[in-house]
Amino acid sequence: MSRTPRAFRSEARAAVVFLLPALTLIGVFFVLPVIAGLVLSLTDFDIYSLGRTADTRFVGLSNYAGLADNGVFWVAMRNTLYFALVGGPLTIAVALGAALLLNAKAARLKPLFRTIYFAPVVTSIVAVAVVWRFLYHPRVGLLNTLLGYVGISGIDWLGDPRFAMPAIIVLAIWKNFGYSAIIFLAGLQNVPEELFEAAKMDGAGPVRQFLHITLPELAPTFVFVSIITAIGYFQIFAEPYVMTPEGGPLNSTLTIVMLMYREGFRWWNMGFAASIAFVLFAVVFGGSLLSKRIRRRSSR
Amino acid sequence: MTRRLVAASLVSACLAACVGSHGGREVQVVEFWGMGREGEVVAELVPEFERRNPGIHVVVQQIPWTAAHEKLLTAHVGGSLPDIAQMGNTWIPEFQVVRALEDLTPYASRSATVRRGEFFDGIWETSLIDGHLFGVPWYVDTRVLFYRTDLLREAGFANPPRTWSEWVNACRALREKNRNPSFKPILLPTNEWPQPVVLALNSGATFVNDDATARFVDPRFLEGFTFYLDFFSRGDAPVVAGSQIANLYQQFGEGEFAMLITGPWNVGEMRRRLPADKQDEWTTAPIPARDGAPYPGLSIAGGSSLAIFATSPRKDAAWKFVEFLTEPEQQVRFYELSGNLPARRAAWDAPALQKDREMAAFRTQLDHTVALPRIPEWERIATAVFEEGELAARGRFDAAEGARRLDVRVNAMLDKRRWVLSR
């Protein structure tokens, strides 16, 4: 290291100059709003505060304490976990299945199917909701008509608190699996063909090839897909919002972000809504850390 | 405040520059925000106003209803409110709290046309906060009973129910006579607050006390709330939310239910969407009265008022537009264009309204409306009413427990208001 302190200093100065634009943008549009949000979550900022700023109280952690006593918050938390823990793995499984089908040598019309799988991802959720509401209609819906042939009838998909969330999960899987499928497909196309040839020579069947070559080779893709899906699903809003704008029967499809939207933008309880946002952040952050730890342990 | 003024004057300067002046005279540009269909329709009324007032040019900005509330609030925060806007009645207390609205009391006291007695009482009161006027009623929206005349006749009722016990009897008869297995006598969507609120009004509920405390554990609320819930427990009403009803009009036309409580916009919708052979088989009636109370019963007074914003530098010109829009002739034109009911009594003498079969019930009902609590929290409180109502309708608890839960929830919502009032 022949660098003189002076040269180092000028290099550091150059680095600062290069970083400054990006850091400024991040500071102004990310760090500051986050700090402002955190401060907001410690106040009772609401419609009265908007009228007169002096009508704002610093309430410490009582918004957070209020969340703990708030029955609706726990309902929303439970619904969100239900959605993420059931819907997430199912979405990934369907996406992987679709990617394997698309990657199969015997598959025909691949571009067509790729488009079909991806179409829901880029379709407007509002248009999707109109169609799916008809599919789920208890009397004239396609789903119940089909179920009628096998002797099941009268399920009120969006109206029964037991079925509303599963119905939303099915819609979300259909809407979102295409994105992960395309990423899995890219991952699959990167698996070296030689590995399969070698395995075949060693006498491995398709199942063993899948378990011992495809899955391990896809591990990095899995990590990416599962984190992106988990983050997206914890913040689920659009699907339940368009299907059941009020949060469904008995709030059975009310998610954390829907509750935050309702409190913040409908009732203007900004302080309380900000505290919900930070709790959600903590949950997603904790979840990501946990999954990282689990992966590290399993790869050891 | 000054920043807001600067922004407002910049906007107006730009508008004035863009529009220029008519015939070399100074022209004031008044910006009006209208919501949804009303925003479209009001543009058709503007030419007549500008003909009469050559010095004023009205620019109409149309805003979708779903975004209107958020847009008005953010415009207030950002200092970009227009001069005048159409405001949903329940928003007036909220915008008054944030000090966005001009007190119109002095304007009204000077006015030759905008006077209290000219308007329906219940609707005038919705814009009145602590004796000050913050909006002039433009159109009203109240709830009445829509019913299938043929189905009621088959069940032995030639006339719509006039009292609560007649109502219950009619439901029972309908249930017994109707062969359709999915038939229910009445539709009361569990995600709508007007139905339980209207019924509670009829037993005298006031929901909130003057000192911002809740008033649900009160026989006057409980009686109406119990009456509402009994429709579900007797099987007279299905426990469904509005979002579960794929096509209300189709189901009403097919006779899946015989009655519903809804507003004037559905008169036009029913006429458009029900099949031709069913058009003479439905009509409207005022809300049935609680047993022992005079007929008709009470209903809510909704609709929109015209409000002038405190930041507007052209309040006199804006007020002229308010006077114009609320004069009887324009109210009738507005009704013909949009189907919205005039807030002014005199407008109801017009043949278009007099001859309309379905409008008679609305005319009667408008003399029997009650203003709801004028506090910013009201919409939240109303939401809580239907939420607890839904839980009770699904059998989680009884009406008394629902009222107790409402007291707890609403008192928590009003905590801030009590603190502000105490200051």
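Q: Which residues does A307(B) touch, not counting residues up to four places away in sequence?
A: This is a predicted model, in which local features need pLDDT of at least 70 and side-chain atom pairs count only at pLDDT 80 or more, while totals for chains, interfaces and linings use all residues. Residues are numbered from 1 along each chain as its sequence is written, and chains are lettered from A and ligands numbered from 1 in the order in which they are written. Two residues are in contact if their C-beta atoms, placed from the backbone, lie within 7 Å. With residues up to four places away in sequence left out, A307(B) touches I84(B), A85(B), M87(B), I92(B), L101(B), F134(B) and G135(B).

Q: Which residues touch the most other members of the largest nonpolar core, and which helix gives the most to this core?
A: A nonpolar core is a set of buried Ala, Val, Leu, Ile, Met, Phe, Trp, Tyr and Cys residues joined through C-beta atoms within 7 Å, where buried means that 20 or more other C-beta atoms, placed from the backbone, lie within 10 Å of the residue's own. The largest such core has 175 residues, of which V30(B), I84(B), I186(B), A307(B), F321(B) and V322(B) touch the most other members. The helix that gives the most to this core, with 12 residues, is α8 (residues 161-189) of chain A.

Q: What is the strand order of the open sheet of 6 strands in chain B, and which strands stand at its edges?
A: Strands (E, at least two residues) and helices (H or I, at least four) are DSSP runs, numbered from the N terminus, and two strands pair if DSSP finds at least two bridges between them. The sheet has mixed pairing and the order β2-β1-β3-β14-β6-β15. One side of each edge strand is left without a neighbour in the sheet, because each has a single partner strand, and these edge strands of chain B are β2 (56-63) and β15 (341-342).

Q: At about what angle to β2(B) does helix α2 of chain B run, and at about what angle does helix α3 of chain B run?
A: Axes are lines fitted to C-alpha atoms, for helices over the stretch in contact, and angles run from 0 to 180 degrees between N-to-C directions. Helix α2 (residues 36-52) of chain B lies across β1, β2, β3 and β14 of chain B, while helix α3 (residues 65-78) of chain B lies across β1, β2 and β3. Relative to β2(B), α2(B) runs at about 170 degrees, and α3(B) runs at about 115 degrees.

Q: Which helix gives the most to the side of chain A that touches chain B?
A: In this interface, 21 residues of chain A are in contact with 20 residues of chain B. On the chain A side, α2 (47-51) and α6 (125-135) each supply at least two residues. The most, with 4 residues, comes from α2(A).

Terms used. Buried ≥ 20, exposed ≤ 12 C-beta atoms within 10 Å, placed from the backbone.
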